[in-house]
Amino acid sequence: MSEPIHILSLGAGVQSSTMALMAAAGEILPMPAAAIFADTQDETSSVYSWLDWLEKQLPFPVHRVTRGKLSENALKMKVTKDGRRFASSDIPLFTLSAKNQIGKIVNRSCTRDFKLDPLFKKSKQLGGIKRGQKTVGVIQWIGISLDEIYRMKPTREKWSESRWPLVEARMSRTDCLRWMEAKGFPKPPRSACVYCPFHNDHEWRRLKTEEPAEFEKAVQFEKAVQTAKGNSENFHSTPFLHRTCKPLDQVDFSTDEERGQLNFFNNECEGMCGV
Ligand code: SF4
């Protein structure tokens with residue numbers, strides 16, 4: 001039986017980028033056979049520029065895979081005969097009821113549909129995994145750092161085994177940034193969909209000031225999602241991207257820390273998003 005191949009799941013954020021560059025430097029062994037970037041087609045342009053740069057630093061190939069544009073799927077509604085509407089892919093959202101009560105939708109399919117499924121599909125292909133295979137053919141490297149250890153979850157796929165090299169190396173996100181700086185590498189961006197409601201205020205503010213065109217995309221997406229979901233039989237609240245349930249372009253993005261508030265969703269981009 002052949003040895004399983006090592007595949008690095010590349011979110012193109014701080015942690016997975018550090019992990020990839022550490023592997024390239026021989027600081028994590030063995031050398032991965034490949035990295036896979038599952039593209040929602042909705043990352044900021046800074047993430048795509050970073051990925052272009054990163055790819056050139058790595059001795060192993062980076063495969064970019066996609067299921068399409070997530071924002072289009074999140075707006076595409078299936079309507080049942082009795083008028084209920086469902087999005088093809090759900091993203092997390094905050095909601096404001098007619099009685100002004102703020103809620104949230106945490107059940108989402110975006111990570112599974114647009115990150116995990118394309119990643120597994122490509123991994124199976126690269127690892128030559130046969131239908132119904134129950135032996136491990138792929139070791140999947142996941143860039144979760146020590147401070148996010150609660151996000152570690154074993155995979156349910158029998159043909160795959162997860163590995164968390166940054167946890168093995170006892171490295172936090174800050175350690176990753178220090179490692180990058182010590183090597184003279186530029187600072188990686190935070191990877192996530194432009195409009196992801198898991199952004200904290202610091203990230204929203206950065207987007208608004210440093211990437212205004214990307215921020216505007218999020219503003220427009222919020223309006224579009226309100227139109228797509230609003231007033232349907234099964235959705236009586238108004239969806240918003242920010243926890244205050246104010247239109248995004250009217251929110252005061254003082255940082256969460258400054259306000260002494262915690263992120264409403266405390267499981268920021270759980271899964272493979274943004275690592
Ligand atoms: S970044 Fe946010 S919106 Fe995008 S796939 Fe992940 S959880 Fe969904």
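This is a predicted model: local features need pLDDT of at least 70, side-chain atom pairs count only at pLDDT 80 or more; totals for chains, interfaces and linings use all residues.
**Exercise 1. Packing of helix 1 and helix 6**

Task: Describe how helix 1 (residues 14–24) and helix 6 (residues 173–182) pack.

Solution. The axes of helix 1 and helix 6 lie 9 Å apart and form an angle of about 50°. Angles under 35 degrees count as roughly parallel, and those from 65 to 115 as roughly perpendicular. The two helices are therefore oblique to each other. The crossing of helix 1 with helix 6 is left-handed. On the side of helix 1, the residues in contact are Val14, Gln15 and Thr18; helix 6 contributes Arg173, Cys176, Leu177, Trp179 and Met180. Sorted by class, this contact comprises 5 nonpolar, 2 polar and 1 charged residues.

**Exercise 2. The largest nonpolar core**

Task: State which residues touch the most other members of the largest nonpolar core.

Solution. The largest nonpolar core has 54 residues, and within this core Leu8 and Ala20 touch the most other members. Helix 1 gives the most to the core, namely 5 residues. The contacts of Leu8 can then be listed: leaving aside residues up to four places away in sequence, Leu8 touches Met19, Ala20, Ala23, Pro32, Ala35 and Trp141. As general background, nonpolar side chains tend to be buried together in soluble globular proteins.

**Exercise 3. Backbone exceptions**

Task: Identify the residues joined by a cis peptide bond, and characterise the phi values of Asn100 and Arg170.

Solution. Leu29 and Pro30 are joined by a cis peptide bond, with omega at about -10°. Pro30 sits in the loop between helix 1 and strand 2 (34–39).

Asn100, although not a glycine, has a positive phi of about 65°. Asn100 is placed in the loop between strand 6 (93–96) and strand 7 (102–105). Because Asn100 has 7 C-beta neighbours inside 10 Å, Asn100 counts as exposed.

Arg170 likewise has a positive phi, near 55°. The loop between helix 5 (165–168) and helix 6 holds Arg170. With 9 C-beta neighbours inside 10 Å, Arg170 counts as exposed.

Note on methods
Residues are numbered from 1 along each chain as its sequence is written. Axes are lines fitted to C-alpha atoms, for helices over the stretch in contact, and angles run from 0 to 180 degrees between N-to-C directions. Helices (H or I, at least four residues) and strands (E, at least two) are DSSP runs, numbered from the N terminus. Angles under 35 degrees count as roughly parallel, over 145 as roughly antiparallel, 65 to 115 as roughly perpendicular and the rest as oblique. A crossing is left-handed if the near helix is turned anticlockwise from the far one by less than a right angle, and right-handed if clockwise. Two residues are in contact if their C-beta atoms, placed from the backbone, lie within 7 Å. Ala, Val, Leu, Ile, Met, Phe, Trp, Tyr, Cys and Pro count as nonpolar, Asp, Glu, Lys and Arg as charged, and the others, Gly among them, as polar. A nonpolar core is a set of buried Ala, Val, Leu, Ile, Met, Phe, Trp, Tyr and Cys residues joined through C-beta atoms within 7 Å. A residue is buried if 20 or more other C-beta atoms lie within 10 Å of its own, exposed if 12 or fewer, and partly exposed in between; C-beta atoms are placed from the backbone.
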